[in-house]
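Subject: Structure handover

Hi,

Here is the structure I promised to pass on to you. Please have a look at it first, and then read my notes below.

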Amino acid sequence: SGCSHSILIVFSKTTAPIHLQNETPLHLASKFGHYDAVRLLLDEPSCSRDAVNKAGATACDVSRKSGV
């Protein structure tokens with residue numbers, strides 16, 4: 001869909017942390033329950049599942065902690 005394409009354009013252009021807490025786009029999508037965005041990001045070869053934020057948490061850890 002157009003929305004999915006837009007998500008990929010915005011989020012996949014950077015693998016660098018984009019938040020003060022050193023969170024990647026995958027961290028942010030996971031934290032706020034944007035499951036479609038998480039799926040799209042995980043399909044991207046440049047998306048690191050193992051990246052950690054300032055607290056040492058992966059996107060999966062963040063998702064579990066936020067309860068989404």
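A word on terms before the findings: a residue is called buried under 20% relative accessible area, exposed over 50%, and partly exposed in between, using a 1.4 Å probe and protein chains only. Please keep in mind that this is a predicted model, where local features need pLDDT of at least 70, side-chain atom pairs count only at pLDDT 80 or more, and totals for chains, interfaces and linings use all residues. Residues are numbered from 1 along each chain as its sequence is written, and side-chain values use heavy atoms, with hydrogens and water left out.

Let me start with the charged pairs. Side chains of opposite charge can pair when their charged atoms come close. The structure holds three salt bridges (a side-chain nitrogen of Lys or Arg within 4 Å of a carboxyl oxygen of Asp or Glu).

One of them joins Glu-23 and Lys-31, with 3.0 Å between the closest N and O atoms. Glu-23 counts as buried because its relative accessibility is 3%, whereas Lys-31, at 24%, is partly exposed.

Another links Arg-39 to Asp-36, at 2.8 Å from N to O. Both residues belong to helix α3 and sit three residues apart, about one turn of the helix (helices are DSSP runs of H or I with at least four residues, strands are runs of E with at least two, and both are numbered from the N terminus). Arg-39 is exposed at 52% relative accessibility, and Asp-36 is exposed at 52%.

Then there is Arg-64 with Asp-61, whose closest N and O atoms are 3.3 Å apart. This pair lies in helix α4, again with a spacing of three residues, about one turn. Arg-64 is exposed, at 59% relative accessible area, while Asp-61 is partly exposed at 30%.

Now to the largest pocket, which holds about 180 Å³ of space. On a 1 Å grid over the protein atoms alone, a pocket is an open set of points where a 1.4 Å probe fits, with protein on both sides within 12 Å along at least five of seven lines; lining residues have an atom within 4 Å of a point. Its volume is the space filled by probe spheres set on the points, which are joined across faces, edges and corners.

Residues lining the largest pocket include Leu-26, Tyr-35, Arg-49, Asp-50 and Cys-60. Helices α2 (25-31), α3 (35-42) and α4 (59-66) each give two or more residues to this lining.

Enjoy exploring!
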